[in-house]
Amino acid sequence: MIRLNLPPFEIRLSGTRERMKIFDPLRRRYVALTPEEWVRQHFVNYLINHLGYPAPLLANEVQLAVGSKHLRADTVLYSREMRPRMIVEYKAPNIAITPDVFAQIATYNLLLHVDYLVVSNGMEHFCSRANYSTGQLEPIAEIPTYDQIELPDL
């Protein structure tokens, strides 16, 4: 796997060369090591160990349903009251972050109504804050720390 624009960490691998697996601490099991999963595990590590996000408030592969259609949000951050606060969507490093990626995460947000939406391919990371009074996503320069997210809105 390639080096990402995220801090390195102690990676736990298992499986065979043909079917490599990486340990996901949020799901507490080894999962198939795909390029997208490589990004997810690095990004989750970044959130927990560099931005102070509590691991128990993060969930990977969150199932969502719209009628008979089933969707899966890559990572969701919850508040201490278990209200969804952030959705993170991952792409493989070779996949460009396009408006279609933001449309995908916006679809998830129709169900979750979070404050922050983040997309990353491991090389580039973009964060927006949802402004529900204007119906717009407002880009923000940096991914906020957990303390910044948990500050009450003024």
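Which residue stands opposite Ala130 in S9? I looked it up and found Leu137.

**Ground rules.** I am working on a predicted model, where local features need pLDDT of at least 70, side-chain atom pairs count only at pLDDT 80 or more, and totals for chains, interfaces and linings use all residues. Residues are numbered from 1 along each chain as its sequence is written, and side-chain values use heavy atoms, leaving out hydrogens and water. My strands (E, at least two residues) and helices (H or I, at least four) are DSSP runs, numbered from the N terminus. I call two strands paired if DSSP finds at least two bridges between them.

**S8 and its partners.** I checked S8 (residues 125-131) against S7 (residues 116-120) and found an antiparallel pair with 5 bridges. Val119 stands opposite Phe126. The S7-S8 hairpin has 4 residues between its strands, and Gly122 in the turn has a positive phi of about 85°. Next I took S9 (residues 136-140), which runs antiparallel to S8 over 5 bridges. In that hairpin Gly135 has a positive phi near 75°.

**The sheet.** I traced an open sheet of 6 strands, ordered S4-S5-S6-S7-S8-S9, with mixed pairing. S4 (58-66) and S9 are at the edges with a single partner strand each, so one side of each lacks a neighbour in the sheet. I also found a parallel pair, S6 (residues 84-90) with S7, joined by 5 bridges. There Val88 stands opposite Val118.
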